[in-house]
Amino acid sequence: MAEYISDIKTIPYSDQDIFSVLSDLRKLDLIKDKIPQDKIKDFSYDQDSCTVTVDPIGKVRFVIVEREPNSTIKFEAEQLPFKLNLWIQLKQSATEETKMKLTVKADINAFLKPMISKPLQNGLDKMAETLATIPYGDLAEK
């Protein structure tokens, strides 16, 4: 199992506000304009899953498989030729400050690993950067 970890991001909102937004994927509607259209296409979502087409991989569906309030959201990818899980981890560090880290564990065979590792790490870092810029306080109440 290969593991990829994003940089830890500091977000100026409570873990409760962040969890409230990220655990309901329908709220992605509010940030879909930040998604790079040249990398991700055919973006659709509901409360518990989102589906995207990612070059060069193809269509991928991420399903929330576990929610640990104000702490962790675990996803499992479907429609991939290998097993992939994604965790969003939150840890409140001050009243209105939360540390966030993304982790991917993927069962990638030795042949695919050199081709997938760098794009996967770059995508994970870009995702963490994008999630860190969301105005969670405004969205948590909606």
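Helices are DSSP runs of H or I with at least four residues, numbered from the N terminus. All views below show a predicted model.

View 1. Ser117 is found in helix α2. With a relative accessible area of 19%, Ser117 is buried, because buried means under 20%. The side chain of Ser117 takes part in a polar contact of 2.7 Å with the side chain of Tyr4.

**View 2. Strand β8 and its pairing with β1.** Strands β1 and β8 are antiparallel and are paired over four bridges. Tyr4, whose side chain also meets that of Ser117, has Val104 of β8 as its bridge partner.

View 3. Ile5 belongs to strand β1. Its relative accessibility is 38%, so Ile5 counts as partly exposed, between the limits of 20% and 50%. Although Ile5 and Leu102 are 97 residues apart along the chain, their C-alpha atoms are separated by 5.8 Å. When residues up to four places away in sequence are not counted, Ile5 touches Lys101, Leu102, Thr103, Gln121, Leu124 and Asp125.

**View 4. Strand β8 with β2 and β7.** Strand β2, residues 9–11, runs antiparallel to β8 and is joined to it by three bridges. Within this region, Ile11 stands opposite Thr98 of β8. Strand β7 also pairs with β8 in the antiparallel sense, over ten bridges. The two strands β7 and β8 form a hairpin, with two residues between them. Lys91 has Lys99 in β8 as its bridge partner.

**View 5. Leu84 and Ile88 in the largest nonpolar core.** The largest nonpolar core holds 37 residues, and Leu84 and Ile88 are the members that touch the most others. Two or more residues of this core come from each of β1 (2–5), α1 (15–22), β5 (58–68), β6 (72–78), β7 (84–94), β8 (97–106), α2 (113–132) and α3 (136–140). Helix α2 gives the most, with six residues.

**View 6. Contacts of Leu84.** Neighbours within four places in sequence are left aside in this view. The residues in contact with Leu84 are then Phe62, Phe75, Glu76, Ala77, Val104, Lys105, Ala106 and Leu120. Val104, one of these contacts, is also the bridge partner of Tyr4.

Key
Residues are numbered from 1 along each chain as its sequence is written. This is a predicted model: local features need pLDDT of at least 70, side-chain atom pairs count only at pLDDT 80 or more; totals for chains, interfaces and linings use all residues. Side-chain values use heavy atoms; hydrogens and water are left out. A nonpolar core is a set of buried Ala, Val, Leu, Ile, Met, Phe, Trp, Tyr and Cys residues joined through side-chain atoms within 4.5 Å. Buried means under 20% relative accessible area, exposed over 50%, partly exposed in between (1.4 Å probe, protein chains only). Contact means heavy atoms within 4.5 Å. A polar contact is a pair of N or O atoms within 3.5 Å; within protein, one must be able to donate a hydrogen and the other to accept it, and residues adjacent in sequence count only if both atoms are side-chain atoms. Two strands pair if DSSP finds at least two bridges between them.
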